[in-house]
Amino acid sequence: MGCLACAALMLDRGGVTLYRKESSPIPVEADSICPDRFLGRGPAEIAALPAFYGRRRVTLGDLFEVEGAGADNITVSGDLRHVKKIGLGMSMGRITVTGDVGPHLGAYMSGGEISAEGTAGDWVGAHMKGGRIVVQGDAGHFVGAAYPGETRGVTGGTIVVGGKVGGEVGARMRRGLIVVLGDTGEFAGAHMIAGSILVFGRLGARPGAGMKRGTIVAFGDAPDLLPTFRYACRFQPAFLRFHLRRLGESGLSIDSEPADGHFRRYLGDMNELGKGEILVRDQPQ
Amino acid sequence: MRINGVEIEDTFAEAFEMWGARLIITAHNERWALTAAQAATGFATSIIGCGCEAGTNDLPADERTPDGRPGVAALFFTTSRQNMEAQLLQRVGQGVMTSPTSACYNGLDAGDTIKVGGKLRFFGDGFQSSKLLDGRRLWRVPVMDGEFVVEENFGVSKAVGGGNFFIMAEDLEAALAAAEAAVTAMRAVPGVIMPFPGGIVRSGSKVSSRYKGQHVSSNTPYCPTIRPLVESALPDGVEAVLEIVIDGLEEEAVGEAMRVGVGASCLPGVVRITAGNYGGSLGRYQFHLRDLVDA
């Protein structure tokens, strides 16, 4: 199976660099790390932007060494495992995270690109509207999902995870594309309204529970489907070939060959509208 | 000026502004891609009676089809943007969607677009679905062999129609051999079509008629069988004339196709190469034969 192009490694990492000063298990809310917030600000002004260290209000400068200027290319380094909400609501520019990063990466983003070179926590790209997030490693639960109480999750954009993800990837997504090169947890695409989830590893149990429309593709082993999904046909979906080739052209070295095979189409969830589809690829003999 | 002893007349082809579209039609194999494209571009020889001019074009070696399957390009030319939408709806709907395993994508990156798949989708009777990726929406229409995939919008742009040249030969065999050689060579030029049957037209026309209500009629000055009855344009020794008409998405492509075609048609038995024009007063584009072959 294909691997992710490490586009970030080829970048000129000019722009603003933030380096985490210390390692700490105390959660940090850093939604100020966002190109839109950095626009027109120099290093000192960026360092003065607010953040939360636990429940204490601090500034980015208290937590990070800030160097450089320019809003459209931000690099964040150091121990970020407990740093939340990087790129929250961003609409432009690029953020590169060089290590593992905490939850809510790129939630509500509408444009630009985030590249995480390590793993990412839960809620990557929650409620995303546009742009692209690429996580080289694993990601947690609820990738591209809707927050509790919300009826719609992702409404646009692309999320690519190079490793495995947890449960409920793409839950309640309305539009957009999520690509997982590894395995997924249970309930992928739960209550999905539309959009596409492509899984190259093993699709976890009970995918598409409650889905109305949308597409879940299992390129790997056949998943355990709910009884409310019904077999329709075995066919070769041309749109999938188009999808994978476009992804390849956009700089992600995702192998398009798996889309060329035959797929078994299951429709469901019949407890809902029943117009959702799970495509299960025939495995080569 | 002569090439291989063939006189290149000091004249020009007069061409007109049209609207062009380029579709990429794919299928399970080359045979069915071509079948679908030929069905869609059939009966589209002349804007006069067909509503559009259309033809197929091999894909350049460096261009892959959007879904990676075998495919061909189909080019369409109309006199107005509105006509293009009507023609594509009919021709994609009846010629491509009906053809087994086919899919149809936009092949022209243009600022202006017309909705085709976005209207054909209603054939799905409520079971159609769409996929949006990077601003391109594909419609998936359920059909009996699986699903027909068609792009929502197709690019349209101003184009060039009516590039032409005439092959005057000492007999029909020589004229036909020269025209066939020209068309074969011109098919390698991307972005152009020769819309007439096999790329060649024998019934060239003039824009007048002695009959009321008839706007065009046979190009009598070039018809050998009535030479003594009209003010003939045929030099002595010319017994047959064939014409090649070229439409292209860009002026440069039409010029290149004419250059290639004129060069390839200068074969034994050909007396003169000339071109059709209206004195330069009607068309926006002029392609001077000698300038082209000198280039």
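Trainee: At what angle do H5 and H6 of chain B pack?

Mentor: This is a predicted model, to start with. Helix H5 (residues 172-186) and helix H6 (residues 251-265) of chain B pack at an angle of about 145°. Their axes are 8 Å apart.

Trainee: Why give both an angle and a distance?

Mentor: Because two packed helices are described by the angle between their axes and by the distance between those axes.

Trainee: Is the crossing of H5(B) and H6(B) left-handed or right-handed?

Mentor: The crossing of H5(B) and H6(B) is right-handed.

Trainee: Which residues make the contact?

Mentor: H5(B) brings B:Ala178, B:Ala181, B:Ala182, B:Ala185 and B:Met186. H6(B) brings B:Ala257, B:Val260, B:Gly261, B:Ala264 and B:Ser265.

Trainee: How many of the residues in the contact of H5(B) with H6(B) are charged?

Mentor: None are charged. Eight are nonpolar and two are polar.

Trainee: What about H1 and H3 of chain B, where do their axes cross?

Mentor: H1 covers residues 30-41 and H3 covers residues 81-96, both in chain B. Their axes come within 8 Å and cross at roughly 140°. That angle makes H1(B) oblique to H3(B).

Trainee: And the handedness of the crossing of H1(B) and H3(B), left or right?

Mentor: Right-handed.

Trainee: Which residues meet there?

Mentor: From H1(B), B:Ala36, B:Ala39, B:Ala40 and B:Thr41. They meet B:Arg91, B:Gly95 and B:Val96 in H3(B). By class, the contact of H1(B) with H3(B) has four nonpolar residues, two polar and one charged.

Trainee: Switching to chain A. How many helices and strands does chain A have?

Mentor: Chain A has four helices and 17 strands.

Trainee: In what order do the strands of the open sheet run?

Mentor: Four strands of chain A form that open sheet, in the order S4-S3-S2-S7. The pairing is mixed.

Trainee: Which strands stand at the edges?

Mentor: S4 (56-59) and S7 (83-84) of chain A. Each has a single partner strand, so one side of each is left without a neighbour in the sheet.

Trainee: Do S3 and S4 of chain A pair in the parallel or antiparallel sense?

Mentor: Antiparallel, over four bridges. Strand S3 of chain A covers residues 50-53. A:Pro50 stands opposite A:Thr59 in S4(A).

Trainee: Last topic. What does the C-alpha trace of chain A span?

Mentor: About 60 × 40 × 30 Å along its principal axes.

Trainee: What is the radius of gyration of chain A?

Mentor: Chain A has 19 Å. A compact globule with 285 residues would be near 19 Å, so the value agrees.

Technical notes
Residues numbered from 1 in each chain as written. Chains lettered and ligands numbered in written order. Predicted model: local features only at pLDDT ≥ 70, side-chain atom pairs only at ≥ 80, totals over all residues. Heavy atoms only, no water. Axes fitted to C-alpha atoms, helices over the stretch in contact; angles between N-to-C directions. Helix = DSSP H or I, 4+ residues; strand = E, 2+ residues; numbered from the N terminus. Parallel < 35°, antiparallel > 145°, perpendicular 65-115°, else oblique. Left-handed = near helix turned anticlockwise from the far one by under 90°. Contact = heavy atoms within 4.5 Å. Nonpolar A, V, L, I, M, F, W, Y, C, P; charged D, E, K, R; others polar. Pairing = 2+ DSSP bridges. Rg over C-alpha atoms; globule rule 2.2 N^0.38 Å.
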